[in-house]
Each structure stands twice: as structure tokens, then as C-alpha cells.
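Good morning, and thank you for coming. I would ask you to look at the sequence and the structure on the screen while I speak.

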Amino acid sequence: MTRNKCIIYVFSILAISTALIMFQKKLRQKEVCFRDHCFSVEIAKTRISQAKGLMFRRELAENKGMLFIFNKEGLRSFWMKNTLIPLDIIFFNENKEIVSIAKDVKPCEGEECPSIRPEKEAKYVLELNANIADKIDLKIGDKFNFSLDE
């Protein structure tokens, strides 16, 4: 293979790889809306992505978040181990209604981290920057709009 063909081949592989990464990233990003407030969210559906969550992130844009999607409703438990930013953690039932809100949950700095565990079952959990729930006046029973089509 000539040098020019090699260069073209390498650039083609890089272009295809970049396009695939961008496409995969777009698939994992969805929009969650409450009335007229929308957030671009990363989706955590796998055990690995759910275990990692927003750990080790130093910042989160005000209009961003992470939506955890579980197969069925259950009692969900979250903690702030290795999470560097305070969060609002919002729990939803299968009807997409808020069943619990943990507001301004601070990062855990020690080895023993408390669990955030509401008394009601949830199928979806949304993590946003701290104080957003108050800022947009979220309340128990509010619903969110979100399309599950992949």
C-alpha cells in the first residue's frame, strides 16, 4: 500500500470512529421535561452505568442530569460515595410521577456513606444539580415527560 493510501485509510478509520462515538453518545442522551423546564440527560440503564452514575464529575451544567432507568419498580438506594457535586435525587414511579425528592444531597467525604432510600418504590431516578427541584418548584405527584423509544 502506498503512503497516500495509508494516510487516506487512517483518516477514514478515524472519521468513522468519531461518527460512531458521536452517534452512540447521542443515543444515550435524552430530554426530560417538567412543564416548561427541560434537561438533557445521560441514560443509566446498565448495572455498570448505574453503579458509576455521576461519580468523579467536578461539574454538571445546570440543564444536564442523569436518568436511571430500572426494569421494574423497586425500593432504590443511592449514595454519594465518590460524588463530588451536591445533587437533587428525584424518584419516580412507573407512571413517571415523583414519589420522593432528596434535595441538596451533599458529597460523602468519609468511608461510611449514608444511603438515600425513599419509602416508596421507583422505576426511574433523576439526578440534577442541587437546588434545581426547588428552583423549578417540583413536588410529589408531578410528572415528567420522557420518551423511552431508543
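Predicted model: local features only at pLDDT ≥ 70, side-chain atom pairs only at ≥ 80, totals over all residues.

Residues are numbered from 1 along each chain as its sequence is written, and side-chain values use heavy atoms, with hydrogens and water left out.

Let us start with confidence. The term pLDDT denotes the predictor's confidence in each residue, from 0 to 100. For the chain, the mean pLDDT is 84, and 79% of the residues reach 70 or more. Over residues 6-27, however, pLDDT stays under 50, and the model has two contacts beyond four places in sequence for this stretch. Contact here means heavy atoms within 4.5 Å.

How many disulfides does a search of the whole structure find? The search finds two. A disulfide is a covalent bond between the sulfur atoms of two cysteines; in the search, the term applies to a pair of cysteine sulfur atoms within 2.5 Å.

Cysteine 33 counts as buried because its relative accessibility is 11%, where buried means under 20% relative accessible area, exposed over 50%, and partly exposed in between, with a 1.4 Å probe and protein chains only. Cysteine 38, at 34%, is partly exposed.

The other disulfide joins cysteine 108 to cysteine 113, again with an S to S distance of 2.0 Å. Here the torsion about the S-S bond is about -90 degrees, so this disulfide is left-handed. Both cysteine 108 and cysteine 113 are buried. If the bonded cysteines of the chain are numbered in sequence order, the pairing reads 1-2, 3-4.

Threonine 83 is located in the loop between strand 3 (64-74) and strand 4 (87-92). Strands (E, at least two residues) and helices (H or I, at least four) are DSSP runs, numbered from the N terminus. Is threonine 83 buried or exposed? It counts as buried, because its relative accessibility is 7%. Leaving aside residues up to four places away in sequence, threonine 83 touches Leu54, Met55, Phe56, Pro107 and Cys108. Cys108 also belongs to the disulfide with cysteine 113.

Arginine 35 has a positive phi of about 50 degrees although it is not a glycine. This arginine sits in the loop between strand 1 (29-34) and strand 2 (37-44), and is partly exposed at 49% relative accessible area. Aspartate 104, likewise not a glycine, has a positive phi of about 50 degrees. Aspartate 104 is found in strand 5 (residues 98-105) and counts as partly exposed at 26%.

The largest pocket holds about 420 Å³ of space. Of the 21 residues that line this pocket, the closest to its centre are Gln50, Ala51, Phe68, Phe70 and Phe78. A pocket is an open set of points on a 1 Å grid over the protein atoms alone, where a 1.4 Å probe fits, with protein on both sides within 12 Å along at least five of seven lines; lining residues have an atom within 4 Å of a point. Strand 3 gives the most to this lining, with five residues.

How values were computed: Points joined across faces, edges and corners; volume = space filled by probe spheres on them.
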